[in-house]
Amino acid sequence: MKHRLFSFIALLLIACLFTACSGNSVSETEQAVTEDDPIVATVNGESVYYSAFAEKMVSIEAMYSAMSGTMSADDLNQKLTEQANSVLDTFIAQLILEQKAEELGITLTDEQEAAVAAAWTDTQEQFRKTVSANYPTFTGEDLDAMVLLALQSSGLTEEMVTQSAKTSALIANLRAQIDAQVSPVSDSEVRDTYQALLQQQQTEFANDITAFESAMLGNAVVVYIPTAHRVIHEWELRYENDVIALLNQLKQIDTEESTAYEDTLAAEQSRTQAQLDEIRREIAGGADFDALYAEKNGGAAPHINYIGAESTRFSEEYYAAAMNINAEGSLAKKFVATNNGYMLLYWGSTLEPGVVPFETVCEQLSEQLQKEKCDENWKAVQALWREEAEITIVTDLITYS
């Protein structure tokens with residue numbers, strides 16, 4: 001299979017260069033089967049073509065090729081065969097879901113139809129933002145040309161992106177229909193889980209403050225607070241992207257005789273410092289920290305962190321700034337320097353030690369349990385559909401030797 005795949009990948013790359021890839025679905029039964037693009041699997045009569053499979057294997061091939069010197073040829077072939085089976089399994093699983101969505105008459109809402117229609121435009125805009133961030137000096141026709149090149153290199157086409165968005169939405173609706181059939185968790189299940197979680201966290205968090213902070217950062221259901229923690233709202237002001245790029249370049253060529261790097265950094269630090277001072281003045285004048293952050297950051301919310309007297313995961317500078325804030329509802333006296341700017345800290349509220357009442361976490365815990373129950377059911381339903389499906393795999397085409 002290896003030689004066939006290497007040859008086919010070469011053909012794919014040439015095709016992508018001139019046509020930006022065909023964007024054909026893996027299950028297009030009307031596609032002509034040629035010697036160079038045979039059927040690698042069928043699912044209930046629908047085909048998975050070698051071209052789609054090989055395209056997914058390109059990056060995997062490259063990764064394992066770089067590791068070829070660290071393992072024997074037999075081990076390498078075994079790993080590649082395992083990866084190939086995994087890739088094909090993903091194709092088969094998705095095709096089964098697409099078929100079930102059609103069988104059950106799943107359709108898109110008007111809102112989803114609009115999102116599908118806008119998918120290609122949104123993708124182009126995402127590429128434009130990425131290119132602009134990495135090449136801040138590019139504008140106008142130069143930027144357009146670079147975005148086009150990036151899209152062509154990715155192999156994405158409008159047809160491919162639109163079809164992918166539609167398929168994802170249909171499968172999401174299929175999942176929602178299956179989830180709706182799952183019975184809700186009972187009050188007793190929620191209370192039993194609360195008691196078990198409390199016992200577990202009392203032991204775990206008492207011995208590991210970082211575990212508690214990680215649970216809070218991960219939005220887990222926390223029912224026990226081991227020690228008092230300050231809820232810190234962070235406002236980071238980064239240097240301009242083009243300045244960061246310039247600083248990185250200047251740093252690489254910096255010499256004792258040149259002060260270009262130091263002068264550029266000082267100028268950007270001064271500009272950023274002025275922004276932070278202005279934020280401080282507005283807060284002192286009565287502005288709400290979160291509201292002001294949202295106003296200046298497109299409606300976004302600031303990042304939230306948790307720090308207590310026994311916390312160990314922060315730098316000395318951050319710890320000192322956060323713990324030396326005079327009172328709840330106040331800003332840190334000192335800014336925290338980051339690699340690419342400064343951070344302003346605000347003490348928003350306090351988590352007091354002790355047991356979190358059941359009523360406080362009841363809804364969150366119930367939602368988590370229901371999600372877990374739906375996840376288990378979804379896996380079981382997919383396994384059943386897979387078992388019922390008529391699947392044929394051409395093993396020789398996905399085996400490395």
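Biologist: Which residue in β9 stands opposite alanine 41?

Modeller: That's isoleucine 393. Before we go on, this is a predicted model, where local features need pLDDT of at least 70, side-chain atom pairs count only at pLDDT 80 or more, and totals for chains, interfaces and linings use all residues. Residues are numbered from 1 along each chain as its sequence is written, and side-chain values use heavy atoms, with hydrogens and water left out.

Biologist: What makes β1 and β9 a pair?

Modeller: Two strands pair if DSSP finds at least two bridges between them. Three bridges join β1 (residues 39-43) to β9, so they pair, and they run antiparallel. A strand here is a DSSP run of E, at least two residues, while a helix is a run of H or I, at least four, both numbered from the N terminus.

Biologist: And why are β2 and β9 called edge strands?

Modeller: The open sheet has three strands in the order β2-β1-β9, with antiparallel pairing. β2 (46-49) and β9 (391-393) each pair on one side only.

Biologist: What packs on that sheet?

Modeller: Helix α3 (residues 73-103) does, touching β1, β2 and β9; contact means heavy atoms within 4.5 Å. The direction of α3 makes about 35° with that of β1, using axes fitted to C-alpha atoms, for helices over the stretch in contact, with angles from 0 to 180 degrees between N-to-C directions.

Biologist: Why is the pair of phenylalanine 314 and tyrosine 318 called stacked?

Modeller: Rings of Phe, Tyr and Trp (its six-membered ring) pair if their centres lie within 6.5 Å; planes under 30 degrees apart count as stacked, over 60 as edge-to-face and the rest as tilted. These two rings are 4.8 Å centre to centre with 10° between the planes, so they pair and are stacked.

Biologist: Are those two residues buried or exposed?

Modeller: Buried: phenylalanine 314 has 16% relative accessibility, and tyrosine 318 has 7%.

Biologist: Which residues do ring pairs link into a cluster?

Modeller: Trp235, Phe289, Tyr293 and Tyr346.

Conventions: Buried means under 20% relative accessible area, exposed over 50%, partly exposed in between (1.4 Å probe, protein chains only).
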